[in-house]
Amino acid sequence: MSKVDLSNFKFDGLQREAISDLSVLSEEDKDQLLMAGVVSDLSTRSASYLQMDQSAVHCQSNDDGVEIMDIKEALKKYDGLKEYYWTLVDKDKDEFTKSAYDNLHGGYFIRVKAGAKIKDPIQSCLMLKSENVGQNVHNLVIIEEGAEAHIITGCSVAHGTKAGAHLGISEFFVKKNASLTFTMVHNWSEDVAVRPRSAGVVEEGGKFLSNYVLLKPVKDLQMYPSIEMNGPHSVARFNSVVVAPKGSHLDMGNKVVMNAPHTRCEIIARTISSGGTIINRGHIGAHHVPSKGHLECQGLILGGGRIWAIPELDGTVEGVELSHEASVGKIAQEEIEYLMARGMDEDEATSTIVRGFLNTDIMGLPARLQKEIDKQIEELQSSDAM
């Protein structure tokens, strides 16, 4: 992992004015937000949050069951959020957490009230609009007892922005019998450095389902979200779909620790290197029985590039059931020949296999974004890397 020199970025003086209605954004900004899963028409969203550079510029809830605000406002309203704020991530972990702690720009606070079943997705976006901007954010999500919600969070650069640094702290609390689906779409550019630091806790009967999509270039990304399953009958699932073109360096993965009986978890990562480097980590720890965990790392190298798959299973009591499957390679010739025998030419067969491998049919994504994702996947098979 290359070193990120924070002194190369501007961490002060890049505030933005509030935006009351996202429809007033430029078409270019709307397009960039859309490619991160964020829509300007809020009729299909239960709540919305947008941060540009170092300011929260828009925050709105359309559902009484959802409280959403800038983290700074939440800290004032709830007396520092002492029960939650910086309790899962160590502020002294590294220079990136220290920067976020010492110079907080914003971030979203989302609370879904007890028993609320939120029909439409909640959306949030953290956008780098200025060149060489440094962005420190801290996000806090609380899904109260019995509540259910889907959060679509997008991270993006503005059109034409090349370089920046995004340092994002996220802490998740899924209470008893609550359910959170968290979908993150990254839409960065070639010279952006990204350092998320995320952790969560799932209580009895809770569910945490995570989807992660990265199909655009990014210079340097390092992320390893960790979930503690602290209640019986809790469930955690991670699903990642990642492409690393030439120039991208990704050190990523997921960690799940099952600290209670009757817990289940699954980590599935599908990665393609078309010239870039991917370090794909996965860790499942099981310390009570019965518990079941499965870890799957599948990688394709199309042309150049490199993929490391590093699975770890840690069982400490008799009777835990942990499994992993890891593979790195190329598209099997027999799969191509199978489809060609049914009428496809070689390019069509390859495209079909890649599209199936990178299945991103995630409920709640804008239709245009889904089409754009499909288009990017198709372009992979016709690129020079092939």
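**Notes on a charged patch and a buried strand**

1. Glu 334, Glu 335, Glu 337, Asp 345, Glu 346, Asp 347 and Glu 348 together form a negative surface patch. The elements that contribute two or more residues to this negative patch are α4 (333-340) and α5 (346-357). Please keep in mind that the model is predicted.

2. Glu 334 lies in helix α4. Its relative accessibility is 56%, so Glu 334 counts as exposed, the cut-off being over 50%.

3. Now for strand β9, which spans residues 179-187. Of its 9 residues, 9 are buried, so β9 is largely enclosed by the rest of the structure. Buried here means under 20% relative accessible area.

4. Which residues of β9 are buried on one side, and which on the other? On one side you will find Ser 179, Thr 181, Thr 183, Val 185 and Asn 187, and on the other Leu 180, Phe 182, Met 184 and His 186. Both faces of β9 are therefore covered, since all of these residues are buried.

5. Strand β7 (residues 148-157) runs parallel to β9, and 9 bridges join the two. Ile 152 is the residue opposite Thr 183 of β9.

6. β9 also pairs with strand β11 (residues 207-214), again in the parallel sense, over 8 bridges. Here His 186 has Leu 214 in β11 as its bridge partner. His 186 is also among the buried residues of β9.

Terms used: Residues numbered from 1 in each chain as written. Predicted model: local features only at pLDDT ≥ 70, side-chain atom pairs only at ≥ 80, totals over all residues. Heavy atoms only, no water. Patch = residues over 30% accessible without salt bridge, like charges linked within 9 Å, V, L, I, M, F, W, Y side chains within 5 Å. Areas by Shrake-Rupley, 256 points an atom, 1.4 Å probe, with all protein chains shown as cover. Salt bridge = Lys/Arg side-chain N within 4 Å of Asp/Glu carboxyl O. Lys, Arg positive; Asp, Glu negative; His and termini not counted. Charge placed at Lys NZ, Arg CZ, Asp CG, Glu CD. Helix = DSSP H or I, 4+ residues; strand = E, 2+ residues; numbered from the N terminus. Buried < 20%, exposed > 50% of the residue type's maximum accessible area, 1.4 Å probe, protein only. Pairing = 2+ DSSP bridges.
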